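Please read it alongside the coordinates.

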Amino acid sequence: MCRFFFLFLSLSSLLFLLLHLTTTPIPAPPPTSLSDLRIRPGYSSYDAYIHRQLTKTLNPKLRTIWTTRDWTRKVNAFSRFFHDHLIMGLLSNGSKSLCIGARVGQEVAALRRIGVNDSVGIDLVPYPPLVLEGDFHHQPFDNGTFDFEFSNVFDHALYPSRFVGEIERTLRGGGVCVLHVAIALEIFESLNLVGILSMLETVTSHSIM
């Protein structure tokens, strides 16, 4: 049994939800089913989606910004964020941790900075030694590999149910996942995410104005 934390970002408020995920398997939609393109509509195929993501991730200007101007600011911010999770007991220095959609690994660098040394990221484009090549719809890891998983790219997923299903698969029993979701809560709730919302139980909820 694993725990999911969602941070919903909206114009009016920041809702912090502690969500509990049952162990019932999430049905993964077939990769060619266009009816399941929920958060990222407009793609004619999965290959078209991957091509677009690769084009953006390989953009030389963006990669320069991520590794220079943004680097210190993002690593500092993530370090503070993850340190709070250490204090809350959701993360420990011994946690085997994964950052999903990590680009150049700012989140991984932050985890290692605060002493969570067994941390790695995945992205379509690797950035050694912090980020391995991997598709978050098909994580390249065995079942029950990680104690802690983090991502701020859930809203980039083409197949949200598969994104969450892969986290559930690769988290160990009792593991924790924290997702930053950059869509308003009311929009998230209105999405017909196959099998996801019906499997989540809200444990606590806080509104920060």
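This is a predicted model: local features need pLDDT of at least 70, side-chain atom pairs count only at pLDDT 80 or more; totals for chains, interfaces and linings use all residues.

Residues are numbered from 1 along each chain as its sequence is written, and side-chain values use heavy atoms, with hydrogens and water left out. Helices (H or I, at least four residues) and strands (E, at least two) are DSSP runs, numbered from the N terminus.

**Strand 3 and its partners**

- Strand 3 (residues 97–100) is covered on both faces: S97 and C99 on one side, and L98 and I100 on the other, are all buried (under 20% relative accessible area, 1.4 Å probe, protein chains only).
- Strand 3 runs parallel to strand 4 (residues 119–123), joined by four bridges; pairing requires at least two DSSP bridges.
- Within this pair, S97 is opposite S119 of strand 4.
- Strand 3 also pairs with strand 6 (residues 146–151), in the parallel sense over four bridges, and there C99 is opposite F150.

**Helix 4 and its packing**

- Helix 4 (residues 106–113) forms a right-handed β-α-β unit with strand 3 and strand 4 (with the strands pointing away from the viewer, the path from the first strand over the helix to the second runs clockwise).
- The axes of helix 3 (residues 71–88) and helix 4 come within 8 Å and cross at roughly 55°; axes are lines fitted to C-alpha atoms over the stretch in contact, with angles from 0 to 180 degrees between N-to-C directions.
- The contact (heavy atoms within 4.5 Å) includes W71, F78 and F82 of helix 3 and Q106, L111 and R113 of helix 4.

Notes. Buried means under 20% relative accessible area, exposed over 50%, partly exposed in between (1.4 Å probe, protein chains only).
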